[in-house]
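Colleague: Before I rely on the terms used for this chain, could you take me through how each one is decided?

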Amino acid sequence: MTGAESQMRRITGARLLACADETVVDDAVVVIDGELVAWAGPARDLPPDLARQPAEVTDVAGSTVMPGLIDAHMHISFGEPQTEEELYIYTPTAYRAVRAAANAEKVLLAGVTSACDPGGPTGVAAAVRDAVDAGLIQGPRMSAAGRQITTQQGIGDTLPRWIDIQESSFGALVRNPDELIAEIRDEVKDGVDLIKIAGSGPGTTEYGAFRLEELELAVNEAHRLDRPVAMHARSRQSVADAAAAGIDWIMHASYMDPATLEAVIEAGTPLLPAMTLLVNSLEAGTMPAAVKGAIQRELDAAVSILAKAYEQGATLIAGSESGFAMTPYGEWHTREMELFVSHLGMSDMRAILGMTRDAAVAAPRHTPMIGTIAPGKYADLLIVDGRPDTDVRMLGDRRRIKAVIKGGAEVVPWRPVELPTDRMPFEKARPYVAELYERDRR
Ligand SMILES: [Zn+2]
């Protein structure tokens, strides 16, 4: 009994952003029981039975307590490549996985307690997910896609035809509807949490990578197998088709026109712009003028239509597209919120909702358990020195993040290796055997 009781923890004196809405509570209490939130609200409303429970009390007067961040667009397998060739061709899957295990900790320490990896080589994101859950490494709670399903016109297959897509790359080329269905079924069997469609190319071409009826087929099959579908869509046509096909959330959406935006809002499809990648690319500097011009044009188009999207009530999710050379792990996760404020006219508090409450849908393995501070949800919290709801930029300043708490436990940068004193009892082999039979839906 004392064991369970000693796990209770009360955080007092905080300003609380529970993030169910824009409410700020001064002098709040958050009660943590094990890995879950037991209660959160104004100190004066703390139920007497909870107040009487023995608990470890931490006073954080002057700080803000808010949900851990959800980075719904992060590629843990990409490894900050300097070139397209490094990303597509040269890096073996095994090395990607080992490197990803190290990078996952950087992401968590930046305050990202949940993340979605929308596309990478077979198994890497899922392996990081499972290694984190098993306690082998430290990282955010992961939702994992498999390879991005692409046609010859999507970002998953951009090299010339005489260079095959490598097993270690992030695209899975499907040449017809039968292959599309087969790829979805294979990925679900491999244990993905979502399906990712590469719905447009890297450039500014108007057409999408898939026909509308192909997208409808993909959505039907994925939903039948209980997996949501996220789509990379930069071109207007690809965004319009994504909304029409019932895609669950859209990445980028840079080149919408007003009619397409109307269709997106009508369909209720959340948008995940990832402007951070564009802005960081421009600031990184050294690139040919033509490339710089193209990126600037996309950013201008995106800002103009996404500001309208926000005005008209579309749901905007803040994802960083971390994993590229210009978006290294652990450094830029919160910049998208800053751009929501500076480029789209959001308030700081609304921007925070875009990386907490509203981002939960795009981390589908854990959606009901994350994104807000409420009884029964994971105690994934940040303690921030200051008021991020009045200036979201402070979330990108490590000195301001006083604590990252995941599942009720404060995250520390590393932990000592504990070697067992006994050999594994045979009984412990049983969960492994059972796992073989339950692998389908972990
Ligand atoms: Zn991406």
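Modeller: Let me start with contacts: two residues are in contact if their C-beta atoms, placed from the backbone, lie within 7 Å. In this chain, residues 24 or more positions apart account for 69% of the contacts with a separation of 6 or more. The model is predicted, so local features need pLDDT of at least 70 and side-chain atom pairs count only at pLDDT 80 or more, while totals for chains, interfaces and linings use all residues. Residues are numbered from 1 along each chain as its sequence is written.

Colleague: What makes β12 and β13 a pair of strands?

Modeller: Two strands pair if DSSP finds at least two bridges between them, strands being DSSP runs of E with at least two residues and helices runs of H or I with at least four, numbered from the N terminus. Four bridges join β12 (residues 229-233) to β13 (residues 249-252), which run parallel, and therefore they pair under that rule. Within this pairing, Met-231 has Ile-250 of β13 as its bridge partner.

Colleague: Why is the crossover from β12 to β13 called right-handed?

Modeller: The term applies if, with the strands pointing away from the viewer, the path from the first strand over the helix to the second runs clockwise. The β-α-β crossover from β12 through helix α8 (residues 236-245) to β13 is right-handed.

Colleague: What joins β13 to β14?

Modeller: Two bridges join these parallel strands, β14 covering residues 271-272, and Met-251 has Leu-272 of β14 as its bridge partner. Here the chain crosses through helix α9 (residues 258-267), again in a right-handed β-α-β crossover.
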